[in-house]
Amino acid sequence: MDVSPELVGFSLIILGILLLIGKWVRVFTPFFQNFFLPSSMIAGLIGLLLGPELAGQVGVNVFDEGGFFPQAMVDVWSELPGLLINVIFASLFLGMTFPSIKKMWEISGPQITFAHFISWGMYVVGTVLALLILTPVFGMNPAAGALLEISFVGGHGTAAGLSGTFEAVGFEEGRDLAIGLATIGVLTGVFLGMGLLNWAARKGKTEIIKKPDDISEEEKKGLIAKENQQEEPAGHQTTHSEFIETLTVHLGYIGVAITIGYLMLEGLILIEEAFWIDEIEILTHLPLFPLAMIGAVIVQLFLTNVVKHNIIDRGVINRIQGLALDLLITAAIATLALTVIGNHLFPFLIMAAGAILWNVVAFLFIAPRIMPDYWFERGIGDLGQAMGMSAAGLLLIKLADPQNESPAKDGFSYKQLLLDIFVGGGLVTAASVPLIVAFGPVPALIVAAVIMTAWLLLGLFYFGKKKA
């Protein structure tokens, strides 16, 4: 079946229906509620179950080879994450008021330090596994050493967004392994987070705590009671709709940010082609989304300092970003190639175990020594994010500190400005695979180990010394 504009539109409609089904499955399933699984993940798993990888494999093909869906529709879904990730990253900083670097550092310095330590440690653990086990024993591409940070810290969006990079360097299976690892990360992250909250409450490890079983049924189901619903949950209007819709304006500025990022990327590729030796290609394989994020910073600084009008509303941007993320996660999981994971099952399990163990050890043994105060409330958010989702980190902070009595939530928010631009989907994450392919895993390991150690020493001897 040819891919037509009608098919693309219908593919998006079916994704929306899957998300709606996932939402109602969550509403009526206590298991999913108690472990706060997002509806997008449930929708993606339903799509995977009904698609060619599961339904199709047992002979249930309603249309052709796509299970309950046309194969061409599945092909459209597989391309969506690489497009939507640009929207998500172009939305990160639009509509934000940038505080001074000094203020961000004062509030979120310990969390910035700990998050960078975890992220660079992921590269160390992953590259060591690649050098000792994954490449020599299982014959995997050495770039597999970057999958832990890409999947667990970057999450589904980053994993899916790098599919073009994986293909460009001859590591096609990296995309499915990364999305699979991100799924494992989110699932285990929620379980671990809830378990650690209960453990901390019993052992007196927290200064503020809210038991998970105190959460209302509406919160668990993800619904808002009528009396608590806001008048304008999507944000504020910044333009008169008779001239141009506010949503249209915000989509336009996201487009401008992506365009600036694209022009920057093309310029960098031209510079690389002009001055670097032919055998080394790094910027050629760099994806667009981290530069779209920089484009958003440029757009926001221009609007703040030149335009002066309050044109962009953060609430509207959040809704657009949330829609893109829901669609991305659903499409990425629904098109997951289980055969690829099955063919690399033991390496997959080894990488998943290595990442989970690293996160838990870092949280239990390093966070208390880095955070000068509220170590659990601060650290649990970074742990949640390091298991695949920023939303999971915010959820765990909310459970540990429901009234925002600690600096955990503010520190988590400010931390993103000085974290996401580098790791967790930033420039380093995007360039990690081509860098390993170009220079080899050993130099990558040395650099990652040095940077990880530097963050650790900063945390121990600067913030650790400030403990009351």
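Predicted model: local features only at pLDDT ≥ 70, side-chain atom pairs only at ≥ 80, totals over all residues.

Residues are numbered from 1 along each chain as its sequence is written, and side-chain values use heavy atoms, with hydrogens and water left out.

**Overall fold**
- The chain holds 20 helices and zero strands, both taken as DSSP runs numbered from the N terminus (H or I and at least four residues for helices, E and at least two for strands).
- Of its 468 residues, 53% count as buried, a term for under 20% relative accessible area with a 1.4 Å probe and protein chains only.
- Among contacts (heavy atoms within 4.5 Å) with a separation of 6 or more, 78% join residues 24 or more positions apart.

**Helices α1 and α4**
- Helix α1 (residues 5–27) packs against helix α4 (residues 71–90) at an angle of about 80°, and their axes are 9 Å apart; the axes are lines fitted to C-alpha atoms over the stretch in contact, and angles run from 0 to 180 degrees between N-to-C directions.
- The two helices are therefore roughly perpendicular to each other, the class for angles of 65 to 115 degrees.
- The residues of this contact divide into 12 nonpolar, one polar and no charged, where Ala, Val, Leu, Ile, Met, Phe, Trp, Tyr, Cys and Pro count as nonpolar, Asp, Glu, Lys and Arg as charged, and the others, Gly among them, as polar.

**Second largest pocket**
- This pocket holds about 590 Å³ of space; on a 1 Å grid over the protein atoms alone, a pocket is an open set of points with protein on both sides within 12 Å along at least five of seven lines, and lining residues have an atom within 4 Å of a point.
- Of the 32 residues lining the pocket, Ser78, Glu79, Ser163, Gly164 and Glu167 are the closest to its centre.
- Helix α4 gives the most to this lining, with nine residues, and the lining as a whole divides into 14 nonpolar, 11 polar and seven charged residues.

**Largest cavity**
- The search of the whole structure finds one cavity of 30 Å³ or more, a cavity being a set of grid points where a 1.4 Å probe fits but cannot get out.
- The largest cavity has a volume of about 50 Å³, and its lining includes Asp382 and Lys415.
- Helices α5 (101–138), α16 (375–386) and α18 (408–419) each supply at least two residues of that lining.

How values were computed:
Parallel < 35°, antiparallel > 145°, perpendicular 65-115°, else oblique. Points joined across faces, edges and corners; volume = space filled by probe spheres on them. Buried < 20%, exposed > 50% of the residue type's maximum accessible area, 1.4 Å probe, protein only.
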